[in-house]
Amino acid sequence: DLAPRTHQTPAVNITEKENAFHLELVAPSKKKKDFDVELDDDILTISTTTEKESNDDSAQFTRREFDYASFQRSFRLPETIDTKNIKANYKNGLLSIVLPKRKEAIPEPKKQIEIR
């Protein structure tokens, strides 16, 4: 295959917990510095651009390839997200983003009402 791979869309899992949404994006062979995570008008955008270089020396021919493996994913955040406290972490090929809910969006626990 001589066509370069220029765009990949990584798999994403989004789970909702009581206090936050958790977004996990699989991106092996990346480094933390390869990612750009931005928030603009309640749109969270995750993107990377990386350059891989490989040499293939054989006989009298040298071939050099540049592979730009990049992607971009965007998500519209609900109004219930506390955008000032979003946190991101990258470890072992997994980018994890915690999208905390605003206090007023977190459901109150059940209250037991005493019967008199």
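Select L95: this residue is buried, with a relative accessible area of 3% (buried means under 20% relative accessible area, exposed over 50%, partly exposed in between, using a 1.4 Å probe and protein chains only). The model is predicted, so local features need pLDDT of at least 70 and side-chain atom pairs count only at pLDDT 80 or more, while totals for chains, interfaces and linings use all residues. Residues are numbered from 1 along each chain as its sequence is written, and side-chain values use heavy atoms, with hydrogens and water left out.

L95 lies in strand β7, residues 94-100 (strands are DSSP runs of E, at least two residues, and helices are runs of H or I, at least four, numbered from the N terminus). Show the surroundings of L95: leaving aside neighbours within four places in sequence, L95 is in contact with L23, E24, L25, F35, I46, N89 and Y90 (contact means heavy atoms within 4.5 Å).

F35 is buried, with a relative accessible area of 14%. The structure holds 2 aromatic pairs (rings of Phe, Tyr and Trp, the last by its six-membered ring, pair if their centres lie within 6.5 Å; planes under 30 degrees apart count as stacked, over 60 as edge-to-face and the rest as tilted).

Select F71 with F35: they form an edge-to-face pair, 6.4 Å centre to centre, with 65 degrees between the planes. This pair links distant parts of the chain, with F35 in strand β3 (residues 35-40) and F71 in strand β5 (residues 61-76), 36 residues apart. F71 is buried, with a relative accessible area of 5%.

Next, select Y90. The rings of F35 and Y90 have their centres 4.8 Å apart and their planes at 50 degrees, so this pair is tilted. Y90 is in strand β6 (residues 87-91), 55 residues from F35. Both F35 and Y90 are buried. Ring pairs link F35, F71 and Y90 into a cluster.

Now move to F21 and K101. The charged end of K101 sits over the ring of F21, 5.3 Å from its centre (a charge sits over a ring if NZ of Lys or CZ of Arg is within 6 Å of the ring centre and within 35 degrees of the ring normal).

Finally, show the whole chain as a cartoon. There are 0 helices and 7 strands. Of the 116 residues, 25% count as buried. Among contacts with a separation of 6 or more, 52% come from residues 24 or more positions apart.
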